[in-house]
Structures are given as structure tokens and as C-alpha cells.
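Hi there,

Here is the structure I promised to send over. Please have a look at it, and then read on for what turned up.

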Amino acid sequence: MFIDQVKIYVKAGGGGDGCVSFRREKYVPRGGPNGGDGGKGGDVILNATGDLSTLLDLRYQQHYLGKRAGHGKGKDKHGRDSPDAVIPVPLGTVVRDAVSEELIADLTEEGQTVVVARGGKGGRGNARFATPTDQAPTHAEPGQKGEERWLLIELKLLADVGLVGLPNAGKSTLLSSISSARPKIADYPFTTLSPYLGMVRWEPYKSYVVADIPGLIEGAHEGRGLGIQFLRHIERTQILAFLIDISEGIEENPVGQFEMLRQEIEAYHPLHVKGPPPSRPGLSALGGLAEPEARLMAQKPLIVVGTKLDLKGNGERLRGLADYCEKKGNVFLAISAVTGEGVAALKTELGRQVESYRRIKTCAMS
């Protein structure tokens, strides 16, 4: 089961109480206070790992509580700090406060962590309060409570290329032909009900990741079909590949299909991605590289792919789409994922564009 949105409750451990104690030892006439401090409560930490690909575990366990620390004891013994509660999450996890919707963290790298609830500090024992004028204090501090909050956890897949198309456009077939991924393939709409990732090798020691999301329909940005639920997964991609069915017998005009999909992508971003657009594509206003999802979706490099070339008929639909892309300056390739025609050229073109983006990113970060 693919789960990409959950709401969880986290509460860090409370600090231990300080101790009130006095030395009562034989032959020690001037004992004095010796109460120790309480320990620190455990934090609640999210840890990004590539071993997970879904938020399924968080769906079944929604409450995470840190342990309370040990209390201080006599003879200046401090309470034991409680261990942190570490929650593993997939790469690409976005964490927000459930009340304010404030962005807390965006975990995109292996081993990246964020403290979402801090443990309470331990209280000081009475030995800490001894002064020349108060040599026998009889009070100590209680431990502080740990932070608690509700969190919204959202997963956005990390991929280089996002496949966009109407239902039954051939996205899953293409992914299965260029990678080891095995998404469900059938002859009815919305066969793909959750995103799939596939690793594509296009040259020795060179590869990129392709994401196949469920088919889009008109009004997807408003929630129609599977809509917004999965559109978020192409926010992080560097390149969008629009798959257009050019086979005969399809009512929708290929150019109309492409324009509808492009408009849905454009309409999605302003509604669901907060913050101003970057000053230049791929660069933030400060001159550094912007996060992929901070770029307007419509500004991402795109390639138009005519699918089902083996069923093109008289080729009229193919020529119409090719001519339109040439006028618009869009790269156009026609393929048949079944026969393999044009697939190698597509893999290479996508690989070149991904490599180009990576070079730009490396230069911007250096």
C-alpha cells in the first residue's frame, strides 16, 4: 500500500526532577545539601532513510512519545538522560506543523535528521541553590515538560523525470520497458493507482530516476480524478515528459491532449506551492540553486513523447503533433514501448537533459 500523507502526534520526554537531599554521614558534622539534578528528556527525531519508500508505518502508529528522564538522587547523583525517539521516514519527506502549517523540514538526503519535539530539561537539585547565606536550601526544581505537537507528514518522490499523461497513455508500459519497475498494466483507465519509480541506465555508469504517476484528467488541479493527491510527486522532478497517445481511433486530438495537460500543470503550482517564483529558472532570488519544487512547474524543461507508434494508422495525428511541437520549440519524439521503436533515442535524450540539469546544479552550488 502506497501512503504519502499522514498526521502524527509527537511528545518528547519530560526532564527529571531535581532532588532535595542532605549528607548524613558519620564524622561529617557539616553535611550540607547534596541533591542531584534530573536528567534531560528524550527528543523526538525524524531520520531520512532510503530504506523506506512510503509512509505506511506512520499510518499504523500515529503517536510517538519520548521517555521521561530519571530523577536526581542524593549524594550528588544526577538522573539519567532518556534516549531519543528516532522515527525513520523516506527520502523526500516534508514535515509541517499541523496547526500553523509552518514548514519544519524537507528531508531529501540520506541520514538527514530534524528534531520535531525537544525533551524537557532536568530540574536542578538543592545542591545547586546553596549560597553563603542559605547553606541548607530545602527546595529543588521540577523537570520541564517535553514539547508536544501534531505534525503533517507528506511524501514527495525524488525523481529526475516525471511522466505525465492521460489515463492509458502508455506511461506504465514505457516505464516497464526502460527500467526494472513493474507497474500494473491493463487496458482500462486509472490502472496506476500509486506512483512508481524506475531506475534507467542510458550509458555505462550513468542513470536517472523516472516517476510514473497516475493519469491526469481535465480538472485534476481541482481534485478531479486522482488529481492533487499525486501531482505533488512531480514537483521535485527536473524534467517533465508529456506522453501523448497518437494511435488511431482515439477521440482526443493529440495537440488538445498536450495543451490540456500543460494547463493542468500550470494551474496546479500557484494553488499548492507557496512562496514567490525564482528570479531565474532553477535559481533562487539570492543567487543559489532553488529547490526543484520552488520552480514553477510550467518552467521545467519538457519533452513531448508520442506513444503507441505501432498504431499510428495513416500518421495524420503523429504529423499534427510533431508540427505543433516544432512551432512551439518543444522536443518531440515518437515511440512504441511495445515494439521498442524510438525508445533508445528517448532514453538518451532524457539522459542528456538530466545531465545538463545536474551540471547547472553543480555549478550553482560551487
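In which sense do strand β5 and β8 pair, and over how many bridges? Strand β5 (residues 93-97) pairs with β8 in the antiparallel sense, over five bridges. Within this pairing, Val94 stands opposite Glu154 in β8. Two strands are called paired if DSSP finds at least two bridges between them, and strands (E, at least two residues) and helices (H or I, at least four) are DSSP runs numbered from the N terminus.

Before going further, a note on the source: this is a predicted model, where local features need pLDDT of at least 70, side-chain atom pairs count only at pLDDT 80 or more, and totals for chains, interfaces and linings use all residues. Residues are numbered from 1 along each chain as its sequence is written, and side-chain values use heavy atoms, with hydrogens and water left out.

β8 (residues 148-155) also pairs with strand β1 (residues 5-11), antiparallel over seven bridges. There, Lys11 has Glu148 of β8 as its bridge partner.

Then there is an open sheet of six strands with mixed pairing, in the order β10-β11-β9-β12-β13-β14. β10 (196-203) and β14 (331-334) are at its edges with a single partner strand each, so one side of each has no neighbour in the sheet. On average, neighbouring strands of this sheet are turned by 25° against each other, direction ignored; axes are lines fitted to C-alpha atoms (for helices over the stretch in contact), with angles from 0 to 180 degrees between N-to-C directions.

Inside the sheet, β9 (residues 161-165) and β12 (residues 239-245) pair in the parallel sense over five bridges, and Gly162 stands opposite Leu240 in β12.

Best wishes
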